[in-house]
Amino acid sequence: MQRHDDSLHDSAESGLRRRRPPLDPELGAVLASFPAEALASVSANNISSLRRVLSTQTADLRQIEQLDLIVDEYHAQAPDGAQVPLTVLRPRYSAGPVPCIYYIHGGGMIAGNRLLRVDKLAELVLELGVAVVSVEYRLAPEHPYPAGLHDCYAGLEWISSHACENGFDPDYLLVHGVSAGGGLAAGIALMARDFGGPQITHLILQAPMLDDRNQTPSSSELEGDAPWDRVSNVTGWSALLGDGAGGPDTSPYAAPSRAENLDHMPSTYIDVGQVETFRDEAIEFATRLAREGGLVEFHLWPGAWHGFDYTAPHAAVSQVSNQTRSAFIDRAVASSLNVRQRPRTAGPASDKRF
């Protein structure tokens, strides 16, 4: 099978041959330059390889600490007593409480850590004057559901209960999840809604991992020719849910696509690439939010594969994607009276990029 052409792909679930969408030419060239091991399917036997790869993509906290912001480390406590590490980035100067972005990293539920992509969020601290809290949740299969979800919810409660002492505006809380983090973000939003938890004002689901059933067309279009393919997705959900993955008893907090209703959810931004496993479940989730009366903004990025916006940031589609998402965050932050009334943070370090 060709790695980067538009040939037909077999669906292991149905036996039918499916054609995946074509790649954006610029992104396709980037993907073709990846070594074969970078596109290898993740199985239960090579989870450690994915962890090593993602560990090389984490932000250097020493560089972030050199910027004109404050970096602190705290811990929340999960219901089972586990300590949940939190990295907090705050503006060095502010005239009052600032909106907080609660960030939940990706990694298929089985890899990643709280510094993955936090370099980009440090830019938001400098540019918009917001605070960022990034959580280190426990990973499957060593810690199956609900450990990671409970860790993320514990971090959400920590932000709410420590807002005053940390200078967070309790009326403006954005939850931003990427990939697996997107699924966890949607899961804790459902929990907060159902159990009277902290008020989330905005939800940002970036290529979210929402459905353990793997029954959509996009869930079987990729195998070894783009990041996070069918096999990898089965591995991630099986690690998280064990033999129950895809079965009738999966909790909607574990797989938010299972939720019977999506009413009274926060204002939500969802985006996803066209050539990725999560495409159809993201489309369906956005559609249901809209039908049930929620405020939702949705973007499908043509010819884009999972993680394109971060791995190939100079591609034209990546630039538009990142700018569009940042614009949503900017509008959300601008709705805070404190942010509207004070100037953006500035200084020599605010122009620094990684």
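Welcome! Start at the largest cavity, whose lining residues divide into five nonpolar, five polar and five charged. Here Ala, Val, Leu, Ile, Met, Phe, Trp, Tyr, Cys and Pro count as nonpolar, Asp, Glu, Lys and Arg as charged, and the others, Gly among them, as polar. The model is predicted, so local features need pLDDT of at least 70 and side-chain atom pairs pLDDT 80 or more, while totals for chains, interfaces and linings use all residues. Residues are numbered from 1 along each chain as its sequence is written, and side-chain values use heavy atoms, leaving out hydrogens and water.

Select Gln206, Ala207, Gly307, Phe308 and Asp309: of the 15 lining residues, these lie nearest the centre of the largest cavity. A cavity is a set of points on a 1 Å grid over the protein atoms alone where a 1.4 Å probe fits but cannot get out, and lining residues have an atom within 4 Å of a point. Its volume is about 70 Å³, meaning the space filled by probe spheres set on the points, which are joined across faces, edges and corners.

Next, pick His176. A polar contact of 2.8 Å joins its side chain to that of Gln206 (N or O atoms within 3.5 Å, one able to donate a hydrogen and the other to accept it; residues adjacent in sequence count only if both atoms are side-chain atoms). His176 is buried, at 5% relative accessible area (buried means under 20%, with a 1.4 Å probe and protein chains only).

Finally, select Met109, Tyr145 and Leu240, among the residues lining the second largest cavity. That cavity has a volume of about 40 Å³, and its lining has eight nonpolar, one polar and no charged residues.

How values were computed
Buried means under 20% relative accessible area, exposed over 50%, partly exposed in between (1.4 Å probe, protein chains only). On a 1 Å grid over the protein atoms alone, a cavity is a set of points where a 1.4 Å probe fits but cannot get out, and a pocket is an open set with protein on both sides within 12 Å along at least five of seven lines; lining residues have an atom within 4 Å of a point.
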